[in-house]
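Work through these exercises with the model open. Each task is followed by a stepwise solution.

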Amino acid sequence: MIKERSRYHFVYQAILAQIEQGQLAPGDSLPTAQQLCRQYGVGITTIRRVLRMLETSQVISCVKGRPALVIGLPGGDEPQDSIELLAERGEALLDLCDCICYLYPGLVMEGAARWRAGGGSVLELTRKAEHDAALSSTAYWTRSVIDKLLGTLKNPILDSLRLKLRLWVGLLSMVFHDHPCPEMEIGDLRAAFYQIAASLDAPDAEDAPLRIMRFYRMSYRTLKRHLEGMTCGRIPMHSIEFTWSGNGGRLHLYMDLALKLIEQMANGQLRDGELLPSLAQMAQQYQVSEITARKALAYLNELGVARTINGKGTQVTFAACRQLAPPYDHPALREGVINHLYTLQILALTCPDIFAQAVAAAPASARAEAGRLAQDNAFMENDANPVTWWHTFILRYTASPGLRTIYKQLLHMLQWGQFLLFYRYIPEQALRTRQLYQRVMSCIASGDVQGVGPAAAAYYCYVMESVRESLPHDLAADCPYLICPDKI
């Protein structure tokens with residue numbers, strides 16, 4: 001989670017970046033406090049603090065009853081805790097560059113394909129974005145291009161992440177403003193990005209993913225060289241976490257608790273006919289309020305996996321749920337299912353780079369374990385075992401802390417897939433799924449850096465298709481494709 005002290009600073013710097021780029025000119029009115037809350041996903045208290053900081057720094061002029069007016073770039077003193085804030089900025093930027101080296105190539109490639117399908121040229125988009133940027137900030141206009149490409153994917157989880165990334169890029173622009181880089185370095189970044197644009201316009205675009213990774217690696221090295229000045233000599237530590245909220249993917253607390261209980265039912269920890277803990281016990285065990293626990297139990301009743309008996313408690317009826325139709329008219333279930341499908345699509349696009357990074361970094365002992373488990377029929381017959389194993393493998397050997405955090409959240413949202421399998425179990429699909437994840441395990445065992453990503457992508461695509469086929473037509477239509485399985 002982003003700490004509150006950091007949160008207001010990020011918004012403050014993002015608004016300063018807009019003024020620097022000419023998006024907010026002297027004399028322009030700032031959006032209202034409510035609009036800023038929605039734009040940056042923060043509370044009204046944070047926005048009020050940001051407005052006070054901007055007024056103290058002589059950036060805006062506030063008159064009661066009127067919109068705040070932009071005066072210009074800061075003319076006052078930096079906040080008293082500027083050294084710590086600068087250090088946090090350095091931490092955030094380094095972690096961001098390290099993270100998106102692996103997160104972005106697949107997403108940008110698919111976005112570029114959709115942009116071209118609409119009759120657009122990525123190279124022309126790049127030229128226009130640079131021309132429109134008031135001060136030709138490389139950080140800002142390159143973000144504008146990437147933002148438009150990712151916007152074609154129409155994925156709410158990704159949109160929520162992009163909001164966070166826009167804040168970091170605003171900070172990157174301010175870094176170059178406060179600590180200018182040599183023109184040669186800026187020129188190298190500009191040239192590298194134009195090479196990306198040209199390769200994305202090519203019919204095959206085979207070298208584009210590598211170019212995208214190199215561009216963010218260059219940004220990382222540039223930032224690291226200037227880090228001492230940015231942080232007043234402080235050595236940064238990677239500590240930034242990205243989170244989604246609202247419809248962006250974070251489950252409601254009671255839904256999260258309900259899924260934990262369902263998982264225990266599936267694992268046999270909670271047996272059919274057994275009574276669940278009392279509300280007070282559940283609240284203490286899972287560190288939630290009794291109101292949350294009560295909502296979770298009511299939700300389990302609606303799903304048919306538990307039954308509350310007056311005067312006795314709530315009894316597990318997990319085995320009976322397979323005879324029921326999932327209550328897809330329940331808003332929370334619909335939201336969870338759609339988030340699950342979007343999560344599978346994001347994983348299918350990003351896993352080639354993530355898996356390749358982990359396999360390349362894994363020791364021989366980890367690969368040997370994968371090979372041994374792939375031959376263990378008892379292990380492979382339990383569908384959850386190999387997937388859980390390689391998720392742990394990825395989290396252990398992926399170097400970027402930001403990427404690990406994002407991957408953890410994506411895995412958390414995948415719980416809906418396991419839940420849906422309790423309602424829909426088709427032997428033919430289970431056999432094909434088993435073949436796909438056995439292929440992933442074999443690639444890990446052999447150290448196949450090139451093959452493990454496509455194998456994992458094929459698995460996620462097939463699961464996505466299987467889930468979609470089991471859904472009512474109106475629900476499946478709410479989740480458009482990011483990718484087509486035949487691309488894998």
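The exercises cover a helix pair, a pocket and a hairpin.

The model is predicted: local features need pLDDT of at least 70, side-chain atom pairs count only at pLDDT 80 or more, and totals for chains, interfaces and linings use all residues. Residues are numbered from 1 along each chain as its sequence is written, and side-chain values use heavy atoms, with hydrogens and water left out.

**Exercise 1.** Find how the axes of helix α12 and helix α13 cross.

Step 1. Take α12 as residues 279–286 and α13 as residues 290–303. Helices are DSSP runs of H or I, at least four residues; strands are runs of E, at least two.

Step 2. The two axes come within 8 Å and cross at roughly 110°. Axes are lines fitted to C-alpha atoms over the stretch in contact, with angles from 0 to 180 degrees between N-to-C directions.

Step 3. α12 and α13 are therefore roughly perpendicular (65 to 115 degrees).

Step 4. In α12, L279, A280, M282 and A283 meet E290, A293, R294 and L297 of α13 (heavy atoms within 4.5 Å).

**Exercise 2.** Which helix gives the most to the lining of the second largest pocket?

Step 1. The lining has 30 residues; G106, M109, P209, P352 and D353 lie nearest the pocket's centre.

Step 2. α4, α9, α14 and α21 each supply at least two lining residues.

Step 3. α4 gives the most, with 8 residues.

**Exercise 3.** Describe how β3 and β4 are joined.

Step 1. β3 (306–309) and β4 (313–316) run antiparallel, joined by 4 bridges.

Step 2. A306 has V316 as its bridge partner.

Step 3. The hairpin has 3 residues between its strands, and G311 takes a positive phi near 80°.

Notes: Parallel < 35°, antiparallel > 145°, perpendicular 65-115°, else oblique. 1 Å grid on protein atoms, 1.4 Å probe; cavity = no way out; pocket = protein on both sides within 12 Å on 5 of 7 lines; lining within 4 Å. Pairing = 2+ DSSP bridges.
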